[in-house]
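Open the model in your viewer and keep the selection tool at hand. Each stop below says what to select and what to look for there.

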Amino acid sequence: MTDAYRQLLDATIAHVQGLKAASVRHLAVAPETFAALAAPVPRRREPSISTVTPINASISMPAKPAAKKTSATVSTPVSDAKAAAMADLRARVLPCMKCPHLANSRTQVVFGVGDIHAPLMFIGEAPGADEDEQGEPFIGKAGQLLTKIIEAMGLARETVYIANILKCRPDTPGQTAGNRKPTPAEMDTCKPYLLEQIRIIQPRAIVALGATATDGLLGKSEGITKLRGRWQEFHGTPLMPTYHPAYLLRNQALSEKRKVWEDMLLVMEKLAMPVSEKQRAYFLKP
Ligand code: SF4
């Protein structure tokens, strides 16, 4: 047992005992947290081809090239420390009550998912109803399209890291369906958790998905139409704003798909990923 793991275990036990003393009877614990606690030393992972099945989204994306791992994680003191830091952060975020109205309305905190060693992070604004129910960001229709975009880049969803600025679903009092955008104040309250995730992961590039996420991260309101396709900087990391996949579901014009794809080509170039001629030509008019 490593010192980092023992410290994490002690901190977790102390935290749970504190909750018990405060009469908290139920805790939402993600399966990955159990997995992290059960396996303190990450195993060597072999590069693998994605087995993700094509998704029947209402928008067509190019057939995915063979997905590649962009990082292979070997157990080292650094990877152990990263895993411990992320597990510690998760243990602090899951019971968070900083926004009482959201803590009361959420089903669970949606922490984030993916490879903590990923060179690429995708960041959206907040969980919707599907994500709130299942505890994973970007799994509704827009999320399925995001997965297809990732696969068109030659990656697999599990080789990137996906998170939102807000970890709880914005409440919708008086509404029986639909989601709402997070407010700037809500995003500011939750953003320190995202900054910690970024500090732990240390991605080489970030993609901000949509106007709300871009504004929330950069504090700009120039509009996504002007900002997309132009590299920005977020706490020292290159950040590419692009349209939210939900926008592409609403507007299926080839020209809009191409804009998002051109943004992804810039990201692939930034990460020195190979780009085939076929990939370069996606969504160009025949
Ligand atoms: S939105 Fe973020 S800061 Fe607010 S309660 Fe949820 S986890 Fe805490």
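This tour starts at the sheet, moves out to the helices and ends at a few single residues. Bear in mind that the model is predicted.

**Stop 1**

As background, strands of a sheet pair through backbone hydrogen bonds, either parallel or antiparallel.

**Stop 2: strand β2**

Select residues 120–124, which make up β2. How many of the five residues of this strand are buried? Five of the five are, so β2 is largely enclosed by the rest of the structure. On one side you will find L120, F122 and G124, all buried.

Strand β4, residues 205–209, pairs with β2 in the parallel sense. Four bridges link β2 and β4. Strand β3, residues 161–164, also runs parallel to β2, and four bridges join β3 to β2.

Zoom in on F122. Which residue of β4 is the bridge partner of F122? It is V207. In β3, the bridge partner of F122 is I162. Step to M121, and you will see Y161 of β3 standing opposite.

**Stop 3: helix α6**

Select residues 141–152. This is α6, a helix of 12 residues. From its first C-alpha to its last, α6 reaches 17 Å. That is close to the 16 Å expected at 1.5 Å a residue.

Show side chains for the buried set, which includes L145, L146, I149 and I150. K148 and E151 are among the buried residues too.

What do the buried residues of α6 pack against? Three strands take part: β2, β3 and β4. The helices α10 (245–250), α11 (254–270) and α12 (277–280) take part as well. Then step just past the end of α6 to G154, where phi is positive at about 95°.

**Stop 4: where α7 and α8 cross**

Select α7 (residues 184–201) together with α8 (residues 211–218). The axes of α7 and α8 come within 10 Å and cross at roughly 75°. That makes α7 roughly perpendicular to α8. Show the contact residues next. From α7 come M187, K191 and L194. They meet T212, G216 and L217 in α8. By type, this contact of α7 with α8 divides into three nonpolar, two polar and one charged residue.

Six of its eight residues are buried. They are T212, A213, T214, G216, L217 and L218. What covers the buried residues of α8 includes β2, β4, β5 and β6 (237–242). The helices α7 and α9 (224–227) belong to that cover as well. Follow the chain out of α8 to G219, whose phi is positive, near 70°.

**Stop 5: A85 and R199**

Select A85, found in helix α3 (residues 77–93). A85 is partly exposed, with a relative accessible area of 28%. A85 and R199 are 114 residues apart along the chain. Their C-alpha atoms are separated by 10.0 Å.

**Stop 6: two phenylalanines**

Select F138. Where is F138 found? Look in the loop between α5 (129–134) and α6. F138 is not a glycine, yet its phi is positive at about 55°. F138 is buried, with a relative accessible area of 6%.

Finish at F283, in the segment after α12. Here too phi is positive, at about 65°, although F283 is not a glycine. Is F283 buried or exposed? At 13% relative accessibility, F283 counts as buried, because buried means under 20%.

Technical notes. Residues are numbered from 1 along each chain as its sequence is written. This is a predicted model: local features need pLDDT of at least 70, side-chain atom pairs count only at pLDDT 80 or more; totals for chains, interfaces and linings use all residues. Side-chain values use heavy atoms; hydrogens and water are left out. Buried means under 20% relative accessible area, exposed over 50%, partly exposed in between (1.4 Å probe, protein chains only). Two strands pair if DSSP finds at least two bridges between them. Axes are lines fitted to C-alpha atoms, for helices over the stretch in contact, and angles run from 0 to 180 degrees between N-to-C directions. Angles under 35 degrees count as roughly parallel, over 145 as roughly antiparallel, 65 to 115 as roughly perpendicular and the rest as oblique. Contact means heavy atoms within 4.5 Å. Ala, Val, Leu, Ile, Met, Phe, Trp, Tyr, Cys and Pro count as nonpolar, Asp, Glu, Lys and Arg as charged, and the others, Gly among them, as polar. The expected span of a helix is 1.5 Å times one less than its number of residues.
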